[in-house]
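Keep the viewer open and find each residue as it comes up.

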Amino acid sequence: MNMIYQLAVPKGRRICCEVCEAPAERVCPACTVTYYCDVVHQQADWKSIHEKICQLLIPLRTTMPFYNSEEERQHGLQQLQQRQKHLIEFCYTVAQKYIFEGRYKDAVPAALHSLRFRMNVYGLSSVELVPAYLLLAEASIGLDQIVQAEEYLSQAQWTVLKSTDCSYATHSLLHRNLGLLYMVKDNYEEARYHLANDIYFASCAYGTEDIRTSGGYFHLANIFFDLMKFDLADTLYTKVCEIWDKYLNNHYQVLLEARVQQIDLLGKRFETDTGLDEAQEAEAIRILTSILSIRESTCSRAPQKIVFVLRILVMLYYLMMNSSKAQEYATRISNIAQEKQLSAQEQNLIEQLLRIINTEVIFPAP
């Protein structure tokens with residue numbers, strides 16, 4: 001039974017739904033501190049984020065214990081704030097991952113959690129709220145809720161305008177989401193303006209060749225592709241691929257060096273790492289598979305461009321320890337190599353990748 005027992009609610013306390021803030025009628029039976037208006041919102045929150053953070057919410061939403069001294073009280077408050085900051089980032093990353101996977105509906109509850117924790121820690125007008133507003137806007141765009149997206153973006157813009165300490169990274173995110181909004185509205189001129197600003201601010205924050213800047217190039221390339229300016233689009237898609245190739249290849253080379261220095265005769269699996277969080281891995285998959293699809297439909301006479309993207313995907317999945325997907329893309333490279341004439345360098349790289357991946361298939365992780 002997870003209905004709220006109204007007589008147990010303190011007088012004057014308003015209990016709201018976690019998802020929509022309507023009057024609540026149900027409570028999570030596991031944590032007993034999270035409320036919902038109906039079973040639909042309860043299930044949506046559970047699927048999105050609540051299952052992952054249910055028990056973590058109990059100390060945040062129950063009355064603080066009595067402390068014997070001011071020092072103990074301050075320490076307790078600091079611990080509470082650290083837990084909230086952890087949940088801010090965790091919920092944000094989960095929501096980002098859902099968005100990159102196209103699971104926009106699932107992203108909303110997780111993004112709302114991140115927003116509310118930010119409000120608790122930083123206040124209602126802090127620029128720290130902007131990333132959560134932008135996640136909610138992007139999810140709304142994905143759900144074709146344009147008016148809702150515009151409301152979130154307006155709130156983000158107003159917060160940034162009032163702030164005297166807004167980072168380049170936040171400016172970049174704001175312009176990227178505005179660019180996405182105008183793309184959906186087919187206002188390509190405004191979209192290009194905002195994506196150019198996204199690239200500028202991301203370059204200031206991270207550098208022009210950083211993976212966090214590549215998203216701006218990718219969305220700008222999509223605009224040129226839609227406008228049938230294929231040469232410009234192709235240049236930008238290549239730029240994105242080069243950025244990801246350089247990043248992943250650095251991690252891949254570190255792994256190769258480890259293999260050379262330590263030959264394991266038992267076939268023990270070497271640990272791999274992309275250096276990315278789950279959301280960034282999902283973003284990489286989304287960007288690179290999109291470019292691959294475009295390359296396969298437009299570059300039949302330039303197989304090296306297709307092979308280049310496939311090779312990056314092989315490295316990505318291999319470093320993510322997904323050997324089956326890495327093998328799948330490596331096989332596609334091998335098939336192209338049999339049909340098309342590739343350079344000796346490309347052939348060597350392909351053979352090297354296949355050797356390592358086949359080793360992983362033979363000796364899978366325990």
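1. **The largest cavity.** The largest cavity has a volume of about 40 Å³. This is a predicted model. A search of the whole structure turns up one cavity of 30 Å³ or more. Its lining is made by Asn249, Tyr252, Arg311, Met315, Leu349, Gln352 and Leu353.

2. **Which helices surround that cavity?** At least two lining residues come from each of helix 10, helix 12 (303–319) and helix 14 (344–362). Helix 14 gives the most, with three residues. By kind, the lining of the largest cavity splits into four nonpolar residues, two polar and one charged.

3. **The largest pocket.** The largest pocket holds about 860 Å³ of space. It is lined by 36 residues, and the closest to its centre are Tyr92, Gln96, Leu173, Tyr206 and Arg212. Find these five in the viewer to locate the pocket's centre.

4. Helix 7 gives the most, with seven residues. The lining of the largest pocket contains 17 nonpolar residues, nine polar and ten charged.

5. **Arg295: buried or exposed?** Arg295 sits in helix 11 (residues 278–298). Its relative accessibility is 4%, so Arg295 counts as buried, the limit being under 20%. The side chain of Arg295 makes a polar contact with the side chain of Thr238, at 2.8 Å. Which residues does Arg295 touch, once neighbours within four places in sequence are set aside? They are Asp234, Tyr237, Thr238, Ser300, Lys305, Ile306 and Val309.

6. **Salt bridges: how many?** The whole structure has 17 salt bridges. One of them joins the side chains of Arg116 and Glu18, at 3.7 Å from N to O. This pair links distant parts of the chain. Arg116 is in helix 4 (residues 104–122), while Glu18 is in the segment before strand 1 (26–27). The two residues are 98 residues apart. Arg116 has 19% relative accessibility, so it counts as buried. Glu18 counts as buried too, because its value is 9%. Note that the cut-off for buried is under 20%, and that Arg116 is at 19%.

7. **A pair in helix 11 and helix 13.** Glu296 and Arg332 also meet through their side chains in a salt bridge, at 2.4 Å from N to O. Why does this pair tie together separate parts of the sequence? Glu296 lies in helix 11 and Arg332 in helix 13 (residues 323–339), so the bridge connects parts that are 36 residues apart in sequence. Glu296 is partly exposed, at 38% relative accessibility. Arg332 is partly exposed as well, with a relative accessible area of 28%.

8. **A salt-bridge network.** Some salt bridges share partners, and these join Lys47, Lys97, Glu101, Arg103 and Asp106 into one network. Within this group, the side chains of Asp106 and Arg103 meet in a salt bridge at 3.1 Å, N to O. Asp106 counts as buried, with 11% relative accessibility. Arg103 counts as partly exposed, with 32%.

9. Glu21 is not a glycine, yet its phi is positive, at about 65°. Glu21 is found in the segment before strand 1. It is partly exposed, with a relative accessible area of 47%. Met228 is not a glycine either, and its phi is positive at about 60°. Met228 is placed in the loop between helix 9 and helix 10 (230–261). At 62% relative accessibility, Met228 counts as exposed, because the cut-off is over 50%.

Definitions and conventions: Residues are numbered from 1 along each chain as its sequence is written. This is a predicted model: local features need pLDDT of at least 70, side-chain atom pairs count only at pLDDT 80 or more; totals for chains, interfaces and linings use all residues. Side-chain values use heavy atoms; hydrogens and water are left out. Helices (H or I, at least four residues) and strands (E, at least two) are DSSP runs, numbered from the N terminus. Buried means under 20% relative accessible area, exposed over 50%, partly exposed in between (1.4 Å probe, protein chains only). A polar contact is a pair of N or O atoms within 3.5 Å; within protein, one must be able to donate a hydrogen and the other to accept it, and residues adjacent in sequence count only if both atoms are side-chain atoms. Contact means heavy atoms within 4.5 Å. A salt bridge is a side-chain nitrogen of Lys or Arg within 4 Å of a carboxyl oxygen of Asp or Glu. On a 1 Å grid over the protein atoms alone, a cavity is a set of points where a 1.4 Å probe fits but cannot get out, and a pocket is an open set with protein on both sides within 12 Å along at least five of seven lines; lining residues have an atom within 4 Å of a point. Grid points are joined across faces, edges and corners, and a volume is the space filled by probe spheres set on the points. Ala, Val, Leu, Ile, Met, Phe, Trp, Tyr, Cys and Pro count as nonpolar, Asp, Glu, Lys and Arg as charged, and the others, Gly among them, as polar.
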